[in-house]
Amino acid sequence: METSLRYGGDSTALRVNTNKKPPTVRYAGDASALKIHAKQKFRIDSNTRLQLNGELDTRIGAPTFFSALLRYFPPELSATVGVGLQYDRREKLHYTMRGKKSFSLTPDRFASFVVKGRCDLDKEFKQPRPSGAAELVWNILDFQKDQDIRLKVGYEIVDKIPYVQVRENNWTFTADANGRWNVRYNL
């Protein structure tokens, strides 16, 4: 199971203690929330997975998100396609469809151009909410000993918002032009 901690908000509320082994992540403050996100993938066949996601918000002490997504990976296309159901506490149950295609820019596949799209539909199929992005991605393996880095620069097409993401092994930092940001640590 893949588990991560996600945090967004006031930087004074997040405390990371690296003196302990393993490192600990602590949350303090009333204005922001630490979210615990878990993901489990079940193999159906060599190109198909059932992916389950869930999220717990520590501010309210309750689950805020759950999804079940059937994902297909056609190997000859370097792409993914997914359909499924999502539940969140604001919009309740809705359907989701997503797709992602990667175009390698270098023979070693460390630099790529990625196009991804998604559409969420309400239960009655009346209010589609599309989203999509274009990204330049650069993966740097062994940047330093045992340290891999992924740099991502993207543009959210529907909302017209540029963003950046830096991932270093288990840590991911994402920020956009509107000033929103989050930090994620994969356990």
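Predicted model: local features only at pLDDT ≥ 70, side-chain atom pairs only at ≥ 80, totals over all residues.
Trainee: How many helices and strands does the chain have?

Mentor: Helices (H or I, at least four residues) and strands (E, at least two) are DSSP runs numbered from the N terminus. From the N terminus on, the elements run β-β-β-β-β-β-β-β-β-β-β-β-β-β. The secondary structure therefore comes to zero helices and 14 strands.

Trainee: What percentage of the residues in the chain is buried?

Mentor: Buried means under 20% relative accessible area, exposed over 50%, and partly exposed in between, with a 1.4 Å probe and protein chains only. The accessible areas come from the Shrake-Rupley method with a 1.4 Å probe, and for residues only the protein chains shown count as cover. Of the 187 residues in the chain, the buried share is 31%.

Trainee: How many salt bridges does the structure hold?

Mentor: Side chains of opposite charge can pair when their charged atoms come close. A salt bridge is a side-chain nitrogen of Lys or Arg within 4 Å of a carboxyl oxygen of Asp or Glu. The structure holds five.

Trainee: Which residues are joined with Lys-152 into one salt-bridge network?

Mentor: The side chains of Lys-152 and Glu-135 meet in a salt bridge, at 3.8 Å from N to O. This pair links distant parts of the chain, with Lys-152 in strand β11 (residues 147-156) and Glu-135 in strand β10, 17 residues apart. Both Lys-152 and Glu-135 are buried. Through salt bridges that share partners, Lys-152 is joined into one network with Lys-116 and Glu-135.

Trainee: How far apart in space are Lys-116 and Ser-131, C-alpha to C-alpha?

Mentor: Lys-116 is placed in strand β9 and is partly exposed, with a relative accessible area of 31%. Ser-131 lies in strand β10 and is partly exposed at 27%. Lys-116 and Ser-131 are 15 residues apart in sequence, and their C-alpha separation is 8.5 Å.

Trainee: What separation do the C-alpha atoms of Ser-131 and Glu-156 have?

Mentor: Ser-131 belongs to strand β10. Ser-131 and Glu-156 are 25 residues apart along the chain, and their C-alpha atoms are separated by 7.4 Å.

Trainee: Why is the ring pair of Tyr-95 and Phe-125 stacked?

Mentor: Rings of Phe, Tyr and Trp (its six-membered ring) pair if their centres lie within 6.5 Å; planes under 30 degrees apart count as stacked, over 60 as edge-to-face and the rest as tilted. By this rule the count comes to three aromatic pairs. The ring centres of Tyr-95 and Phe-125 are 4.9 Å apart, and the pair is stacked because the planes lie at 5°.

Trainee: How many residues apart in sequence are the parts that Tyr-95 and Phe-125 tie together?

Mentor: Tyr-95 is partly exposed at 29% relative accessibility, whereas Phe-125 is exposed at 54%. Tyr-95 lies in strand β8 and Phe-125 in the loop between β9 (111-122) and β10 (129-144), so the pair ties together parts whose separation in sequence is 30 residues.

Trainee: Which residues form the positive surface patch?

Mentor: Patches are made of residues with over 30% relative accessible area and no salt bridge; like charges are joined within 9 Å, and nonpolar side chains (Val, Leu, Ile, Met, Phe, Trp, Tyr) within 5 Å. One member, Arg-89, lies in the loop between β7 (79-88) and β8 (92-104) and is partly exposed at 40%. The positive patch is formed by Arg-59, Arg-89, Arg-90 and Lys-92.

Note on methods. Residues numbered from 1 in each chain as written. Heavy atoms only, no water. Lys, Arg positive; Asp, Glu negative; His and termini not counted. Charge placed at Lys NZ, Arg CZ, Asp CG, Glu CD.
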